[in-house]
Amino acid sequence: MGALDDQALWVNDTIPGGNETSEVSCVFPPQLLAQVANDIVEGKIDGSIVGWYHSHPGHGLFLSQTDLDTHMGFHQFSPYALSLVVEPSTGEFGIWIYENGVGVVQLPVSYIHII
Ligand SMILES: [Zn+2]
C-alpha cells in the first residue's frame, strides 16, 4: 500500500497474501485482491495498491515469467506499480517497475530510499 507523491512512490504498508504457495511459486488470491480493492473504496484502508512482493529463497533476484505476468496485473491498478523480490538467504532485494517503451526493468539501487 502506498501513494505517489512528488515524483516518488511511497510504500508504507503491506497486506500479506499468497497463501497458495509452494517452494517455487506463490499466488496472490484474486479474491483477496478484490477484497483489498473494495476496502480501499470503502475507506477501510488508506492509500492505493502500489505493487506486490514475494521471496525467492535460495534462487536469487529476478522476475520469472509468472512474476512478470503478475507485475502487469498490478500495473492495471497503477502505472507506477512495483514488484519487490527478497532473497532471504542473503538479505538482498530488488525492485522492478514498468518503464514506457522498455518494459519491466529493475530499479537501480540509487533510486531506492528506505526511511
Ligand atoms: Zn518470483
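Good morning. I begin with helix H1, residues 30-41: its twelve residues, at 1.5 Å each, should span 16 Å, and the end C-alpha atoms lie 17 Å apart, which agrees. The expected span here is 1.5 Å times one less than the number of residues. Helices (H or I, at least four residues) and strands (E, at least two) are DSSP runs, numbered from the N terminus. After H1 comes Gly43, with a positive phi near 80°.

This is a predicted model, in which local features need pLDDT of at least 70 and side-chain atom pairs count only at pLDDT 80 or more, while totals for chains, interfaces and linings use all residues. Residues are numbered from 1 along each chain as its sequence is written.

I turn to the sheet. Four strands form an open sheet in the order E5-E6-E7-E8, with mixed pairing; two strands pair if DSSP finds at least two bridges between them. Strands E5 (51-55) and E8 (103-106) are the edges, each pairing on one side only.

Strand E7, residues 92-99, pairs with E8 in the antiparallel sense over four bridges. Ile97 has Val105 in E8 as its bridge partner. E7 and E8 form a hairpin with three residues between them, and Gly101 in that turn has a positive phi of about 80°.

Finally, helix H2, residues 65-75, lies across E5, E6 (82-87), E7 and E8, and runs at about 155° to E5. Axes are lines fitted to C-alpha atoms, for helices over the stretch in contact (C-beta atoms, placed from the backbone, within 7 Å). Angles run from 0 to 180 degrees between N-to-C directions.

Technical notes:
Contact = placed C-beta atoms within 7 Å.
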